[in-house]
Amino acid sequence: MSTDVILTTDIHEQMGVPQPRQRGKAGGFLRHTNVLTGSALGIILSVVTYAIGSKLVPWGTQNEDYSQVGLNALVGATYVAWVIGFMIGIGAFAGPVRWMMGHDITHDDSEYLAGKGQGKWKYWKYTTDHKVVGLQYLVMALVLLGFGGFFAMLIRTELGVTWSEVFDPNFYNSIVGTHGIVMIIAMIIVIAGPLGNFIMPLMIGARDMAFPRLNALSFWLLFAAVPPLLSNLLLGGIRDGWTVYQPLGTQAPIGMIGYQICIITFAFSTGIAGVNLITTIVTMRARGMTWNRVPIFVIGILAAAIMGLVWFPMFQYSQVLAFSDKVVGSSFFIPQEGGSVWLYENLFWLLGHPEVYVILVPAMAGLLELMVVFLRKPLFSYKVAVAGIAGIVGLSSVVWVHHMYLTGWAPSAGYPFMLSTELISIPFGFLVLVMLGTMWRGKVWSRLPMMTVYAVLWCNIIGGITGVYLSDVPVDQYMHGSMFVVAHFHFMLMGVGLFGAIGTITYWFPKMTGKMLNERIGSIGFWVAFFGFQVTFGSMFIAGLQGQPRRVLQFDNAFEISNWISTIGAYTIGVGMLIFLYAIITSWRIGTIAPANPWGSKTLEWQTETPVPLDNFPVLPVVTSDPYGYGVPDPYDAIERKMTDENVKVGA
Amino acid sequence: MSIVDERPTAEADEPEEPTNRPEPSYRLREWLSRPYVRHILILFVILTLAVIPAAWLVLHFMNLSGAPASAVMYEIERTMFVFTLASAPVMAITAAILLYSLLGWGRVRGEEPPMQESPAIRSNPIAIVGWISATSLLAAFLVIWGLVELANITALSNGTTSANEQPNTAKPLDINVTGQQWVWTFEYPDQQSITSDVLVVPIDVPLYFNVTSKDVIHNFWVVELGVKIDANPGAITNTGVTPNKLGNFNIRCAELCGLHHAYMETQIKVVTQDQFDAWVREMGGKKFV
């Protein structure tokens, strides 16, 4: 009998370690909590807070500023009450309360918390199993992408109808801002959430994440953060773009409070998730999985978690200060009262730029992970890939000022930050090299996940090269704030980030859902979206070159044609994405049952059965090599060896 | 990574360094004679040639509304042109390998994982060193070009050099630019502080802008002249330009500044010195000296 199958509980039993006593049924308080009780308590608490607060706010004062501050504070308190009420209602604080009462958690409690024997209902509860959390994240990401995509269609409708205003400026500016921040949140979670939680622990041969209850906490905090954000559209909107530069943000209606509470809450969620991911990867790898045997996707997730953990507090803090400006009338960012607009811009972009790599690195790493399977080749130079990711993590922390070249803040800062920004193209180029090297001489098994690799690589070329233009201060002096920038970052965030997410999610779809994706419909949807994407943003580059500023709802006649083309392309993306969504939903519900390892992959997550059992592996695996042992000896090597043996000399 | 892996480790697979390998030149020729290498090189050349016209296309779109109307804008366009040319080979080699992988090395279809495996190329020092040096050299070139150009346009903006790189002796014309929601106001402090909502300037005279804002952040963008700087509340930012082309050009706000951001645009009229003096007199100001 191998040592692997001795359970901790067995050892405890043999050694007579006292076990915590089971009080009542397993799960205790959490048996009664779910998303419905959470929402109910959240709504009740926020209504009560609003009712009590509106009695306390001095409406009668003559000072208009003061009454606005009072209203902001009231709305802020209401949102905070929603978040706290929801978290209490779903049972997030049951664990700490239990400890305070001196009750330890038992084995049965843990299994109940992980969702044992609860059927589909476990997806609506405070469930700690990483596979449940992963699927919750996946659905949440799809919902957010749906909202963001819908707003994008509205934006393009306004810009396509050049002869009149479809929406009033307030609504238009609000959907521009909401589209931006919803998409940013969706893109941050779309890979690190579902795949980082569901697949990564399987990939490293762990039974769960390091902190299962923090895992549930991170998801439900995100869940609580979304309603405040979306409700902004009902409360006057956030009409200041996703960046919400101050002091413009202080003028905004009360919808802005929803944005700020959302970001502050979401930052807690990412921080908790980041700690969890890092700890899991560092401490819970299977025996034998040394650092040079870790799958590259896990390295990508680790990099994203580190960047998110280090830099997200900056964004959070910027919103805490801005919130304080709104609700207590402080003046951190109000220059007329001694504040600094540049302080806000610095704090914002300190996350704002690393966040791009939080999105891109897992996407690129995930594609590297899957392309070896479809090319039946080892990964080309694992070390270069790791060096590239490490370089990106390092340099990403010193490039944020390239968003501020033309703000007038320290013009001389342009020189060092132009240097650092152009240098970051070198480690990113490492990842492209690894992609190309892995493609080199590989026979392609043409399935949808592999096809997305080509799509992403193409977008990488366009997005990367236009990024090099924008890193240059003189060029930025023309391009900054124009549609060229919009087209560039959509090529990176959508072309690389979202299409990369589509590739990785379709690849791991059979393991996560237990069903095969309908590739025929999925491919149609994907390629329609890809084609529309090229049209939309290719045309937007031209509008930018001609000098169209971004975030406008009306513009010169000179930009009409390129905007019409962009709008047609955008609708094409919308149609493609709906087809793809249809493929996902129908496959998930009625697709063919997936075998345990449909792709013939060598990574650990495919070696366990599908659907994955609660404990992931019947016996914890032991790793003896890296997961890239595909391929046959190179025939050209044999020729060369033969020549060497015969000592061929030509021209001698 | 199977649960029990019985393959020999990678280290054991490595052949010993042969002592009598063919000469490098022969190995290079052998490599170049491989069909896929030839095809990719041909594709690379074709794609490079195909991308190069994009450099002129970029300039075409930038020049549609009359740019370049200043030396600064000329430098910006030159940078765009050079960067497009420099990026053509990178784009072409990536796209060539992409296309060849998609079409050239063969495809397998089917539901089952293919039985036939591809060559196990785990690394290639020449490719890695070559790629890293090529991209680093290119990045170094772009950085150096960018730093020099930044110094150039800074000098041009400050009016310390003229377009032909001679020290500039002309007296600059000060203009106070004020952004507010959602109009631009231009004040000429040396012309008895006349104000206008259209920027009228004489040709070939260095302009010096003191830019500020009354409420939120705006961005003062003189499109065809390549001038762009934020107008911050509570601070004055400076930039400058010397227009060298007569005509009417666009001024736009390039930073979201509230509801009617889209309509915050006006014009710059570059006129001759005589016309400018006449305009100043008409506005009630004193002749510009």
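Which residue of β1(B) is the bridge partner of W445(A)? It is V108(B), and the link belongs to a pair of parallel strands, β1 (residues 444-445) of chain A and β1(B), joined by two bridges. Pairing here takes at least two bridges found by DSSP between two strands; strands (E, at least two residues) and helices (H or I, at least four) are DSSP runs numbered from the N terminus. The model is predicted, so to speak of local features takes a pLDDT of at least 70 and side-chain atom pairs count only at pLDDT 80 or more, while totals for chains, interfaces and linings use all residues. Residues are numbered from 1 along each chain as its sequence is written, and chains are lettered from A and ligands numbered from 1 in the order in which they are written.

Now for the chain contact as a whole. On the chain B side, 86 residues are in contact (C-beta atoms, placed from the backbone, within 7 Å) with 96 residues of chain A. Elements of chain B that each supply at least two residues to this side are α4 (53-62), α5 (71-103), β1 (107-108), α6 (125-158), β8 (227-231) and β10 (247-253). Sorted by class, the chain B side has 47 nonpolar, 25 polar and 14 charged residues. Here Ala, Val, Leu, Ile, Met, Phe, Trp, Tyr, Cys and Pro count as nonpolar, Asp, Glu, Lys and Arg as charged, and the others, Gly among them, as polar.

Chain B also holds an open sheet of five strands, in the order β4-β3-β2-β6-β9 and with mixed pairing. At its edges stand β4 (194-196) and β9 (237-241), each with a single partner strand, so one side of each is left without a neighbour in the sheet. Neighbouring strands are turned by 25 degrees against each other on average, direction ignored. Five of the seven residues of β6 (residues 207-213) in chain B are buried, so the strand is largely enclosed by the rest of the structure. Buried means 20 or more other C-beta atoms within 10 Å of a residue's own, against 12 or fewer for exposed and partly exposed in between.

Neighbours within four places in sequence aside, A385(A) is in contact with I296(A), L368(A), L379(A), F430(A), L431(A) and V434(A). F428(A), 43 residues away from A385(A) along the chain, has its C-alpha atom 9.2 Å from that of A385(A). F428(A) sits in helix α17 (residues 425-439) of chain A and is buried, with 24 other C-beta atoms within 10 Å.

Technical notes:
Two residues are in contact if their C-beta atoms, placed from the backbone, lie within 7 Å. Axes are lines fitted to C-alpha atoms, for helices over the stretch in contact, and angles run from 0 to 180 degrees between N-to-C directions.
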